[in-house]
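Work through each task before reading its solution.

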Amino acid sequence: LGTQGVFAADQKEMLMQPCLPAQMRNATGAGDAFMAALAWAYLEGTALAETARAAEAAAAIAIEGEETINPAMSADAVRSRMAAK
């Protein structure tokens, strides 16, 4: 949903989360980062809301980099961005 956030659903619940703030530099790779973090968080057994937040966090990190793959991207960076309010 872009700047409107993310809609997520599973067999038990559905939710809408607002977009995480980020400084746009390059949108290339944001969708790929979103999907990679979504899969990573799901495979880690993370609950739906946190899985969606991980995906949003990865996308936010991705768009803040000048390069196609932001060298700042890491599991720790995603966790840190998820925790930021």
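**Exercise 1.** Are Glu-64 and Arg-81 buried or exposed? Then state how the two residues are related.

Solution. The model is a predicted one.
- Step 1: Buried means under 20% relative accessible area. Glu-64 is buried, and Arg-81 is buried too.
- Step 2: Glu-64 and Arg-81 form a salt bridge, with 2.6 Å between the closest N and O atoms.
- Step 3: This pair connects distant parts of the chain, since Glu-64 lies in the loop between α2 and α3 while Arg-81 sits in helix α3, 17 residues apart.

**Exercise 2.** Describe how helices α2 and α3 pack, and classify the arrangement.

Solution. 
- Step 1: Two packed helices are described by the angle between their axes and the distance between the axes.
- Step 2: Helix α2 spans residues 48-63 and helix α3 residues 75-83; the angle is about 110° and the axes are 8 Å apart.
- Step 3: Angles of 65 to 115 degrees count as roughly perpendicular, so α2 is roughly perpendicular to α3.
- Step 4: The crossing of α2 past α3 is right-handed.

**Exercise 3.** Which residues of α2 and α3 meet, and how many of each class are there?

Solution. 
- Step 1: From α2 come Glu-50, Arg-53, Ala-54, Ala-57, Ala-58, Ala-60 and Ile-61. Their partners in α3 are Ala-77, Val-78, Arg-81 and Met-82.
- Step 2: Sorted by class, the contact of α2 with α3 contains 8 nonpolar, no polar and 3 charged residues.
- Step 3: Arg-81 is listed in this contact, and Arg-81 also forms the salt bridge with Glu-64.

**Exercise 4.** Where in the chain are Glu-66 and Arg-25, and what links them?

Solution. 
- Step 1: A salt bridge joins Glu-66 to Arg-25, the closest N and O atoms being 3.6 Å apart.
- Step 2: Glu-66 is in the loop between α2 and α3, and Arg-25 is in the loop between β2 (14-17) and α1 (30-43). The two residues are 41 residues apart.
- Step 3: Exposed means over 50% relative accessible area. Glu-66, at 60%, is therefore exposed, whereas Arg-25 is partly exposed at 47%.

**Exercise 5.** How many salt bridges are counted, and which one joins Asp-76 to a partner?

Solution. 
- Step 1: The count is 3 salt bridges.
- Step 2: Asp-76 pairs with Arg-79, with closest N and O atoms 3.3 Å apart.
- Step 3: Asp-76 and Arg-79 are about one helical turn apart, because they lie 3 residues apart in helix α3.
- Step 4: Asp-76 counts as exposed at 58% relative accessibility, and Arg-79 as partly exposed at 43%.

Note on methods: Residues numbered from 1 in each chain as written. Predicted model: local features only at pLDDT ≥ 70, side-chain atom pairs only at ≥ 80, totals over all residues. Heavy atoms only, no water. Axes fitted to C-alpha atoms, helices over the stretch in contact; angles between N-to-C directions. Helix = DSSP H or I, 4+ residues; strand = E, 2+ residues; numbered from the N terminus. Parallel < 35°, antiparallel > 145°, perpendicular 65-115°, else oblique. Left-handed = near helix turned anticlockwise from the far one by under 90°. Contact = heavy atoms within 4.5 Å. Nonpolar A, V, L, I, M, F, W, Y, C, P; charged D, E, K, R; others polar. Salt bridge = Lys/Arg side-chain N within 4 Å of Asp/Glu carboxyl O. Buried < 20%, exposed > 50% of the residue type's maximum accessible area, 1.4 Å probe, protein only.
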